Amino acid sequence: MKLHCLGTAGYHPSEARHTACFFLQEPGIAFDAGSSLFRLHGLIATESISVLLSHTHLDHVMGLTFFWDLLGGNTPLERIHIYAQREKIEAIREHLFHPSLFPVIPPFEWHVLEDLGPRFELGGAKCTWFPLEHPGGAVGYRLDFPGVSVAYVTDTTCEEDSEYWRNLQGVDWLVHECNFTDQEKKMARHTGHSWPTEVVAQAAKHGVERLILTHFNPMVSHPDPVGLREVLQKRRLENTPEQAPRLIELARDNMAFELI
Ligand SMILES: [Zn+2]
Ligand SMILES: [Zn+2]
């Protein structure tokens, strides 16, 4: 099962990175619908896809307006299921698809997370959703397929005592946001985002097998936008590598991982 990192920026697109969308091709499940959603062209292999929305800040939903091209293009796509919390669905319908902002809403089938309960079946997986720590509210998702589990966690502030980590215990693949550097911790807390030292420490503590960092500052073009190399060096010096996930990657647009 392949996980495609279509957009790895937060806030706004840059020359190198579009905003949030990750795609599990085989079951046809997308996490978020940022500006990178247009990249689903050529990847959709199913008649229906499900989009799991973390929240409705524009960098995560602007791509919902791109679906007319995907329905009318060279894809087998016929049905689009959107999953989100009730108030987020209302906000999308009322604001993003207000006729003053966009002419005609695509034929979405809406699924309210609160009605489905904390755990439901999706594309052959057990899907769990849980609240994150972000202004306006956001949720994370964990999908347990037979043989592999993957979680998507953005946007959030990762703290030592953050409740949501108990949903991530032992997950095989974790996509976690990391918008800021360690030096920008104050700004991260202020805006509801994370920094690498705490994310890596919590991933290690909760037995995460592989960690993919994403949602980077689009103004930073350096290949290591959050100083991860330095963070890992420090952990090695402090003799903690045995607790680290076995793989820690900085996501880049159009990168893909074979999950199983
Ligand atoms: Zn964001
Ligand atoms: Zn946000």
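The model is predicted. The protein chain holds 7 helices and 14 strands. Its radius of gyration is 17 Å, close to the 18 Å that the globule rule gives for 260 residues, so the chain is as compact as a globular protein of that length. Along the principal axes, the C-alpha trace spans about 55 × 40 × 30 Å. Of the 260 residues, 43% count as buried.

Helix 6 covers residues 196-205. Its buried residues are Pro196, Thr197, Val199, Val200, Gln202 and Ala203. An α-helix has 3.6 residues a turn, so residues three or four places apart point the same way. The buried residues of helix 6 pack against two kinds of element. The strands are strand 11, strand 12 (210-214) and strand 13 (247-250). The helix is helix 7. After helix 6 comes Gly207, with a positive phi near 65°.

Two packed helices are described by the angle between their axes and the distance between the axes. Helix 7 spans residues 228-237. The two helices pack at an angle of about 50°, and their axes lie 10 Å apart. That angle makes helix 6 oblique to helix 7. The crossing of helix 6 past helix 7 is right-handed. On the helix 6 side, the contact is made by Pro196, Thr197 and Val200. On the helix 7 side, Leu228, Val231 and Arg235 take part. By class, this contact has 4 nonpolar, 1 polar and 1 charged residues. Pro196, Thr197 and Val200 also belong to the buried set of helix 6.

The C-alpha atoms of Asp161 and Gln202 are separated by 9.2 Å. Along the chain, these residues are 41 residues apart. Asp161 lies in the loop between strand 10 (148-153) and strand 11 (173-177). Strand 11 is also one of the elements against which the buried residues of helix 6 pack. Gln202 is buried. Asp161 has 6 other C-beta atoms within 10 Å and is therefore exposed, the cut-off for that class being 12 or fewer.

Technical notes. Residues numbered from 1 in each chain as written. Chains lettered and ligands numbered in written order. Predicted model: local features only at pLDDT ≥ 70, side-chain atom pairs only at ≥ 80, totals over all residues. Axes fitted to C-alpha atoms, helices over the stretch in contact; angles between N-to-C directions. Helix = DSSP H or I, 4+ residues; strand = E, 2+ residues; numbered from the N terminus. Parallel < 35°, antiparallel > 145°, perpendicular 65-115°, else oblique. Left-handed = near helix turned anticlockwise from the far one by under 90°. Contact = placed C-beta atoms within 7 Å. Nonpolar A, V, L, I, M, F, W, Y, C, P; charged D, E, K, R; others polar. Buried ≥ 20, exposed ≤ 12 C-beta atoms within 10 Å, placed from the backbone. Rg over C-alpha atoms; globule rule 2.2 N^0.38 Å.
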